[in-house]
Amino acid sequence: MKFHIFSIESSCDETSVAIITDQKKILSHITVNQENHNKFGGVVPEIASRAHLQILQSIIPRCFKEANKSIKDIDLFCATSGPGLIGGLLVGTTIAKSMALGMRKPFYPINHLEGHLLSPQLTQTISFPNLTLLLTGGHTQIYLVESVGKYELLGETVDDAIGESFDKVAKILNLGYPGGPAIEKIAKNGNPFAYELPHPLESKKNLKFSFSGIKTAVNNLVKKQNKINQKIRRDIAASFQQKITEILTKKIMLSLDELKKRNYNVKNIALVGGVAANQNIKKNINKLCINNKFKLILPEISYCGDNAAMIAWTCYQRYKNNIKPDLGFKAKPKLPINENINETLVN
Ligand code: KG4
Ligand code: ZN
């Protein structure tokens, strides 16, 4: 039997809906980036939640029309229910729950982080175990992914997230928001070795990340310049991107050493999340993979940033693994990846 899954993603500043099948066929997928935050240099939660409500009212009917399906055709309803900005989570979760309730169909609350971890599966078959780096605007985490639903957090950031550091450095350089694509663009013509930036926690040789010191170093560097011109901007952006790539490379090597000690034979390294769209990072991690005979796994570019297709796919995985739907689940701004994952149906 062919299953149809309807999903909503509204955890931050992308409003996204999708209808997909259990065969990974994307019948419709609409993502609207809320550009009204750009002038504030970051996401304004209240503006985001109001915009989600407004945008969803127009893109949900469009999604059904594009998919050529009616609400009666949907077998599973789901929404991102955490982690994220509570206003947006409540909007998406409440709408998807209401649809499920009205149609007497299951509702699955989906963890946004799990959505990112499974996003490469939308276009490829992935073997396990793998080492996955979750690189977003809110998180920087390294996971050992043993199978769908079995995630071990090996390390994460103690301060800023990696995407957040791109956004903050872009703000310092007056490049606008979101910072990642803007930095990547101007870094192409910059010298990545023009400025030496710090690698916080390097001496600790552990799997914790720290990015706030790099942002401070960039800030100090900019303050020291009499006048900041485009060449300086390009060189700082390239040096920053270079340092970030170097940090990721070192943390991957440390993680692999750690796993080797535990006799884990990891074959794949995956990069997921908005920052996984960065060409320079991908190119350099790919070199590391080739040199060490690992396969690099990446989501298709349209599934790197926040999107409802990955949420729908994660929902289907939960259903397939006999995990209970949960109409009573309350959206949570902080939601650890393993919470409510193991509540399987009693057969
Ligand atoms: O996964 P995502 O869309 O949302 C969260 O879950 O946070 O990630 C958004 C982050 C932003 O900080 C954005 O600046 C960053 O991903 N980003 C990039 C690139 N594209 C988006 N960072 C570096 N290079 C890029 N090309
Ligand atoms: Zn995300």
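This is a predicted model: local features need pLDDT of at least 70, side-chain atom pairs count only at pLDDT 80 or more; totals for chains, interfaces and linings use all residues.
**The ligand site**

Begin by selecting ligand 1 together with the residues around it. The shell consists of 22 residues, and Gly137, Asp167, Gly180, Glu184 and Gly274 come nearest to the ligand. Colouring this shell by residue class gives six nonpolar, 12 polar and four charged residues.

Next, display the side chains of His116, Asn278 and Asp306. His116 places a polar side-chain atom 3.3 Å from an oxygen atom of ligand 1. In Asn278, a polar side-chain atom lies 3.0 Å from a nitrogen atom of the ligand. For Asp306, the distance from a side-chain N or O atom to an oxygen atom of ligand 1 is 3.1 Å. On its own, ligand 1 has 560 Å² of accessible area, of which the protein covers 87%.

Which elements give two or more residues to the shell around ligand 1? They are α3 (residues 112-118), α4 (residues 162-172) and α5 (residues 179-187).

Is Ser7 buried or exposed? Its relative accessible area is 0%, so Ser7 is buried.

Continue to Ser10, in the loop between β1 and β2, the latter spanning residues 14-21. Ser10 counts as buried because its relative accessibility is 1%, under the 20% limit. Select Leu85 as well and draw a C-alpha to C-alpha distance: Ser10 and Leu85 are 8.5 Å apart in space, although 75 residues separate them in sequence.

Thr80 is the next selection, in strand β4. At a relative accessible area of 0%, Thr80 is buried.

Then select Thr132 in strand β6, residues 130-135. Thr132 is another buried residue, with a relative accessible area of 2%. Show Asn130 beside it: the side chains of Thr132 and Asn130 make a polar contact at 2.7 Å.

Most residues other than glycine have a negative phi, and most peptide bonds are trans. The next stops depart from these patterns.

Select Gly82 and Pro83, which are joined by a cis peptide bond with omega of about -15°. Pro83 is found in the loop that links β4 (residues 76-82) and α2 (residues 86-103).

A further cis peptide bond joins Phe128 and Pro129, where omega is about 0°. Pro129 belongs to the loop between α3 and β6.

**Two residues with positive phi**

Go to Arg104, in the loop between α2 and β5, where β5 covers residues 107-111. Arg104 is a residue other than glycine with a positive phi, near 55°. Is Arg104 buried or exposed? Arg104 counts as exposed, because its relative accessibility of 78% is over the 50% limit.

Asn174 is the following selection, in the loop between α4 and α5. Its phi is also positive, near 60°. With a relative accessibility of 64%, Asn174 counts as exposed.

**A last stop at Ser210**

Finish by selecting Ser210, in the loop between α5 and α6, the latter being residues 212-224. Although placed in a loop, Ser210 is buried, with a relative accessible area of 9%.

Conventions:
Residues are numbered from 1 along each chain as its sequence is written. Chains are lettered from A and ligands numbered from 1 in the order in which they are written. Side-chain values use heavy atoms; hydrogens and water are left out. A residue is near a molecule or strand if one of its heavy atoms lies within 4 Å of it. A polar contact is a pair of N or O atoms within 3.5 Å; within protein, one must be able to donate a hydrogen and the other to accept it, and residues adjacent in sequence count only if both atoms are side-chain atoms. Accessible areas come from the Shrake-Rupley method with a 1.4 Å probe; for residues, only the protein chains shown count as cover. Helices (H or I, at least four residues) and strands (E, at least two) are DSSP runs, numbered from the N terminus. Ala, Val, Leu, Ile, Met, Phe, Trp, Tyr, Cys and Pro count as nonpolar, Asp, Glu, Lys and Arg as charged, and the others, Gly among them, as polar. Buried means under 20% relative accessible area, exposed over 50%, partly exposed in between (1.4 Å probe, protein chains only).
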